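Please consult the sequence and the model shown here while reading.

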Amino acid sequence: MKEVELPVEGMTCASCVRRVERALAQAPGVKTAQVNFATRRALVAYDPAAGNVAGMAAAVRAAGYEVAENKPAGAQNEAAQTARSFWWALGLAVAVMIGSMALDAVQMALPMAGGHALDPLMRWMAPLNHALGTSLPWLGRVGAGALRWVLLALTLPVVLGPGRRFYERAWKAARHASADMNTLIAVGTGAAFLFSLVATVAPAVFTAHGMPANVYYEAVVWILALILLGNWMEARARARTSDAVRKLMGLQPSAALVIHADGSEAMTPLRELQPGMRVRVRPGERIPADGVVTSGASHVDESMLTGEPTPVSKAAGEAVTGATLNGSGSLVVELKHVGSDTILAQIVRLVEQAQGSRAPIQGVADRVAGIFVPVVIAIAVVTFAVWMLAGPAPQLLWAMIAAVTVLIIACPCAMGLAVPTAVMVGTGRGAELGVLIRKGEALERAQAVTTILLDKTGTLTEGKPRVLAAAPANECSQDELLRLAAAVERHSEHPLGAAIVAAARTRGLSLLQAEGFASAAGQGVRAQVDGRITEVGRPGEDAAIPEEWRQRGWTTVAVRIAGASAGLLAIADAVKPEAAAAVTRWRGWGLKVAMVTGDSAPAALAVARTVGIAPEDVEAGVLPGGKLDAVRRRQQAGEVVAMVGDGINDAPALAQADLGIAIGSGTDVAMAAGNITLLGSGLGGVTTAIALSRATMGRIRENLFWALIYNAIGIPIAAGVLYPWLGVLLSPVVASAAMAFSSVSVVSNSLRLRRWRLAPPVSGAAPRASRWSASPLPRTAEPRGNQYDAKAN
């Protein structure tokens, strides 16, 4: 099974989406087809052995649309083109309006006279018409017939120019036995234009039957102009929904300072960079591509990647990511991944994929839009018939006005844009905050989560052991204890040994030389340090291990000098500093929080106590299959489960969960299995993902509500239901303005997500761990990190 994305041209409303999807679904080999109205793209899954892109393109063309050979110009270019059409139409609309006022002044079309008496817009204009006739008495000598021809001449350029697109699209839809928004516009304005054309060319057709030969050219041009205005504003708004992708792409430098083999340096365009090249990154410059530092040291701002504001120290041998910002130092970086293989390029692809996907709630809007246009046309026909039978004289005029207004005010666009624009902005905002949401479906699922299931190692904890406490013995100082242990362990490859050496170096201790290093599997290591045999390994059965260490499940390492105890070191995987606060907030939202881990029960329960997870919600000693079962059990109990993990052993559970959230510092397998990937390692990203999902779904519901309410209220008023009691009948021009701005309001509401930020906790504070005091020296309050990191902090 393969996936392909097709840029589709010619779609103008949600009805078009349904039609294109149906056409693609019938193409050979196509399994699924999802069309996004906001991005004008179709994501198609198909069997390459049974179908191809050419067949899909043919199916789209048969439905009346086109598949662009290249990527579409985009909403920005579309906005520019529509803007030109709008200003052209607006200029002529103003001229037609002035001409119509002159015609009304000549015909003395004052309130309650002729056909304009029921049109509120014409009522508002009546005093101006009267003033125009009084101030320019020579208009009476021009004649109504001549003014009608002038208005026709001014209207034709709008109908055949900027407005032509609506008639062509309506005709194309009619040829394929369908109808869309263009059908409503074309039928509405076309009826008004043809009525006016007859009144201009053969006014006797009306006057012979006692009806005034009124023309509605001003309604035609203003309807088209205002709809073009709405299209322009909508295109501008849609262009802004992709700001996140443009901002990410804008982070790349245009060139890099490449160091050649002979030592010379030259600025080289980004597109010419190759893996293996060495580049110099000067202070304040952005790193051009992914690579490894070969020389130099600096602090790098990785906030674009992780969302964390604190710069990260980088030195030789450490990896750096393209588009991150170098600090005050100078770095030489050997490039490993360039172009489309960089992490930034992958992020952009994921964001574009997410923005082109659809949330399940979109199906509701699509089903409504699928029957919307035929229903509106039926309502317009009924409206025309009712006014013809029961309306005031001349019935034909008022029936035509009411029917045209119904056709014009109806707006399927608002429903078509309600969901995809919010998804586009929401996923883009998530990327800016370090949360990659793969599909709109994940965005919708996140807001419905009832249970968060957490892995321990690498998710709640840092994922690497650290020295957390020390208990010196026999007059050995804390620093001496650590120095001796590190001298021996520097020759070991064991993770616990690496933790001891790292703690000594962080403490600023100089490491002694060790001779005669030896290792005994499962027992420890030994070497001669400063003339004395020093052993580091398991404590004996009689070791005085502090009870608090046992309760916390910390690993205890004994240090012996010449057979005598020098003290104990406690080593554990430190809990992430934000973990307790995150769990507290989730519980405050009413979510259930549980832990499932392959670690031992004492270690798991210790971490659970630290972060605020109840012991009964902890499952320890669980294999990957057990994590999968833990997810399934909760799903069978009716819970909507979010699984948060970072390792290969978490991948099955991440895939099974309703929402899989992969920690970005974890394995590629875990990230591939997750619906959401956190670019940083902190649990704050989980909070952001859920809160952003809730905010996005809130915008979607608001959009759908207002789109439906607008049509539910606007169409009956346009049909004239208020006229018998209040004498209110909408003008077609007012209806066109309302229709245009309804879709704009929906997109504008979605754009509010661009400024979304996670609100601070309303109340409550994160639970703090109990203090521990195995050593006489001051200690940090809780194992949040290496307690020997004081100098680094």
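## Helix α23 and other local features

Just after α23, glycine 638 adopts a positive phi of about 95 degrees; helices (H or I, at least four residues) and strands (E, at least two) are DSSP runs, numbered from the N terminus. The model is predicted: local features need pLDDT of at least 70, side-chain atom pairs count only at pLDDT 80 or more, and totals for chains, interfaces and linings use all residues. Residues are numbered from 1 along each chain as its sequence is written, and side-chain values use heavy atoms, without hydrogens and water.

Buried residues of α23 include Lys627, Leu628 and Ala630 (buried means under 20% relative accessible area, exposed over 50%, partly exposed in between, with a 1.4 Å probe and protein chains only). The buried residues of α23 fall within an arc of 155 degrees seen down the axis, so they line one face of the helix; the arc is that of the directions from the helix axis to the C-beta atoms.

These buried residues pack against the following elements, where contact means heavy atoms within 4.5 Å.

| Element | Residues |
|---|---|
| β15 | 451-454 |
| β22 | 592-596 |
| β23 | 618-619 |
| β24 | 641-645 |
| α24 | 651-656 |

Elsewhere, valine 292 is located in strand β8 (residues 290-296). Valine 292 is partly exposed, with a relative accessible area of 24%. Leaving aside neighbours within four places in sequence, the contacts of valine 292 include Gly317, Val332 and Lys336. Between valine 292 and arginine 278, 14 residues apart in sequence, the C-alpha to C-alpha separation is 9.5 Å.
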